[in-house]
Amino acid sequence: MPSNHSIHPTPSNDNPLTDTAPFDNINMDDVTHFLLELDALKRVNRRSYVTQTTRRENSAEHSWHLAMACWSIADLFALDVNHEQLLKMALVHDLGEIDAGDTFLYDNTRHTAHIEERQGMARLQAERGNGIANLAAVWEAQETGDSKEAQLLRVVDRLLPFLLNLNTNGQTWIELGVTRSQVAGAHAFIKDSFPPIHDWLSQRIDYATKQGWLIDA
């Protein structure tokens, strides 16, 4: 049955939305313009395949997965992190790829990808209709910061594509000729920041190599 409740702006003093939002000063064309700018992240394809499909995931899907995974792991391990900051970092994590595109973890241009991504974030920050005053600052905090939230995000961001590769019989690894040493090196930092995850990864790297999914080099 349809609800009689509405979030339409009304002059009522007991409406929490009208108490906090200056509706008269907001142009909905600007609002929707920015929402469509964000929608473009769905068009950025990554290299990992979605499990039980033949298609690659896109960066918007990855961002959602990253946010959910960070939330779950933070609660499961009872980590002392700021959940709001953590989830915001996860959601903005790949926004710079709208302009820069996705860069494969083992690509030799990986070390310069942040330049175009940072430029993309500056553009998004300045777009009309953006209501997030610290959008670029949150992105920078996860990109270069050393907070507990940023450290956890980096760990989980490496874990998820590894997990997808493991559960698609190493499809991306095989297609791109990824080696055992590349994968081990890219995940080595996790040994210090999150040993239980690193131990699990190390065992699975051995398994993937034995399966022929990773080149033993």
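Q: In which helix does Thr209 lie?
A: The model is a predicted one. In it, Thr209 belongs to helix α12.

Q: Is Thr209 buried or exposed?
A: A residue counts as buried when its relative accessible area is under 20%. Thr209 has a relative accessible area of 13%, so it is buried.

Q: Which residues does Thr209 touch, not counting residues up to four places away in sequence?
A: With those neighbours set aside, Thr209 touches Arg180, Leu214 and Asp216.

Q: Which residues make the contact of α8 with α12?
A: From α8 come Val155, Leu159, Phe162, Leu163 and Leu166. From α12 come Ile197, Trp200, Leu201, Arg204, Ile205, Tyr207 and Ala208. Sorted by class, this contact of α8 with α12 has 11 nonpolar residues, no polar residues and 1 charged residue.

Q: At roughly what angle do the axes of α7 and α8 cross?
A: The axes of helix α7 (residues 135–144) and helix α8 (residues 148–166) cross at roughly 70° and come within 8 Å. Angles of 65 to 115 degrees count as roughly perpendicular. Therefore α7 and α8 are roughly perpendicular to each other. The crossing in which α7 passes α8 is right-handed.

Q: Which residues of α7 and α8 make the contact?
A: Helix α7 contributes Ala141, Gln142, Glu143 and Thr144, while α8 contributes Ala150, Leu153 and Arg154. The residues of this contact of α7 with α8 divide into 3 nonpolar, 2 polar and 2 charged.

Q: What tends to happen to nonpolar side chains in soluble globular proteins?
A: They tend to be buried together. In this model, the largest nonpolar core has 45 residues, and the members that touch the most others are Leu95, Val156, Trp173 and Val183.

Q: Which elements give two or more residues to this core?
A: They are α3 (59–76), α4 (83–92), α6 (113–126), α7, α8, α10 (180–186) and α12. Helix α8 gives the most to this core, with 9 residues.

Q: With which residues is Leu95 in contact, leaving aside its neighbours within four places in sequence?
A: Leu95 is then in contact with Leu38, Leu41, Met121, Leu124 and Leu135.

Q: Where does His33 lie, and is His33 buried or exposed?
A: His33 lies in helix α2. Its relative accessible area is 19%, so His33 is buried. Not counting residues up to four places away in sequence, His33 touches Glu127 and Arg128.

Q: What is the place of Ile26?
A: Ile26 is in the loop between α1 (16–20) and α2 (28–39). With a relative accessible area of 44%, Ile26 is partly exposed.

Q: How many residues apart in sequence are Ile26 and Gly131?
A: Ile26 and Gly131 are 105 residues apart in sequence, and their C-alpha atoms are 10.0 Å apart in space. For the protein chain as a whole, residues 24 or more positions apart account for 64% of the contacts with a separation of 6 or more.

Q: Which loop holds Ala78, and which loop holds Asn169?
A: Ala78 is placed in the loop between α3 and α4. Although Ala78 is not a glycine, it has a positive phi of about 50°. At 67% relative accessibility, Ala78 counts as exposed. Asn169 is found in the loop between α8 and α9 (171–176). Asn169 has a positive phi of about 55° although it is not a glycine. At 49% relative accessibility, Asn169 counts as partly exposed.

Q: How many helices and strands are there in the protein chain?
A: There are 12 helices and 2 strands. From the N terminus on, the elements run α-α-β-β-α-α-α-α-α-α-α-α-α-α. Of the 217 residues of the protein chain, 38% count as buried.

Terms used: Residues are numbered from 1 along each chain as its sequence is written. This is a predicted model: local features need pLDDT of at least 70, side-chain atom pairs count only at pLDDT 80 or more; totals for chains, interfaces and linings use all residues. Side-chain values use heavy atoms; hydrogens and water are left out. Axes are lines fitted to C-alpha atoms, for helices over the stretch in contact, and angles run from 0 to 180 degrees between N-to-C directions. Helices (H or I, at least four residues) and strands (E, at least two) are DSSP runs, numbered from the N terminus. Angles under 35 degrees count as roughly parallel, over 145 as roughly antiparallel, 65 to 115 as roughly perpendicular and the rest as oblique. A crossing is left-handed if the near helix is turned anticlockwise from the far one by less than a right angle, and right-handed if clockwise. Contact means heavy atoms within 4.5 Å. Ala, Val, Leu, Ile, Met, Phe, Trp, Tyr, Cys and Pro count as nonpolar, Asp, Glu, Lys and Arg as charged, and the others, Gly among them, as polar. A nonpolar core is a set of buried Ala, Val, Leu, Ile, Met, Phe, Trp, Tyr and Cys residues joined through side-chain atoms within 4.5 Å. Buried means under 20% relative accessible area, exposed over 50%, partly exposed in between (1.4 Å probe, protein chains only).
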